[in-house]
Amino acid sequence: MDATTHPDDPLRRTLELTVLSLEELREDRKHTARSLYVVVRAESINCYATGTAAEGCGGKPSWNEKLVVDVPVHARSITLEVKRKNAPGVKDVGVARIAVSDFLGGAVPDERLRFLSYRLRDWQGRRSGVLNFSVRARTPEKVCSCSGDVVIGVPVWWYNRDGMQQCLKKEQD
């Protein structure tokens, strides 16, 4: 199990993905940043969404919102979709598909924070902005339930010389 594997399921990895901001938005200006949000998918049925954006420096939409994303080991890419809430429903603003190999594996340790910017494209292939985000692999927490006593090879229960069943529970004083 490598450092990026999910502790409960060896077929998943966990990423901390922080959606930062959006630049060069090619939408009409009448819609505010407060109607934009980001959906993240990792080649699975699960999706993760940010809240709506705030207006950052220079009127650029910004989130600075961390998402904890479970990524299947077989996944080759993650998809970030910027969407806009409007009166009749939801409109797709742009999509970026990022290869997992761009931030996992390679010379830099997976746990190191990486800042990335990817071009968004609408469904017709036209440029619609640049999404800035950071990503790192989350290392599984090591759980130790050691009490200080060393016990090796003792079963949970056994029979003593008198044939009575014994347990390995410490008696409370």
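**View 1. The largest nonpolar core of this predicted model has 32 residues.** Such a core is a set of Ala, Val, Leu, Ile, Met, Phe, Trp, Tyr and Cys residues that are buried and joined through side-chain atoms within 4.5 Å, where buried means under 20% relative accessible area with a 1.4 Å probe and protein chains only. The residues with the most contacts inside the core are Leu17, Ile78, Leu80, Phe103 and Leu131. At least two core residues come from each of the strands β1 (12–23), β2 (36–41), β5 (61–72), β6 (77–85), β7 (90–99), β8 (114–121) and β9 (127–137), a strand being a DSSP run of E with at least two residues, numbered from the N terminus. The model is predicted, and local features need pLDDT of at least 70, side-chain atom pairs count only at pLDDT 80 or more, and totals for chains, interfaces and linings use all residues. Residues are numbered from 1 along each chain as its sequence is written, and side-chain values use heavy atoms, with hydrogens and water left out.

**View 2. Leu17 and its surroundings.** Not counting residues up to four places away in sequence, Leu17 touches Val40, Glu65, Lys66, Leu67, Val69, Ile78, Leu80, Phe133, Ser134 and Val135, contact meaning heavy atoms within 4.5 Å. Leu17 stands opposite Leu67 in β5, and β1 and β5 pair in the antiparallel sense over 9 bridges; two strands pair if DSSP finds at least two bridges between them.

**View 3. The hairpin of β4 and β5.** Strand β4 (residues 54–55) runs antiparallel to β5 and is joined to β5 by 2 bridges, with Pro61 in β5 as the bridge partner of Glu55. Between the two strands lie 5 residues, and Gly58 in the turn has a positive phi of about 70 degrees.

Conventions: Buried means under 20% relative accessible area, exposed over 50%, partly exposed in between (1.4 Å probe, protein chains only). Helices (H or I, at least four residues) and strands (E, at least two) are DSSP runs, numbered from the N terminus.
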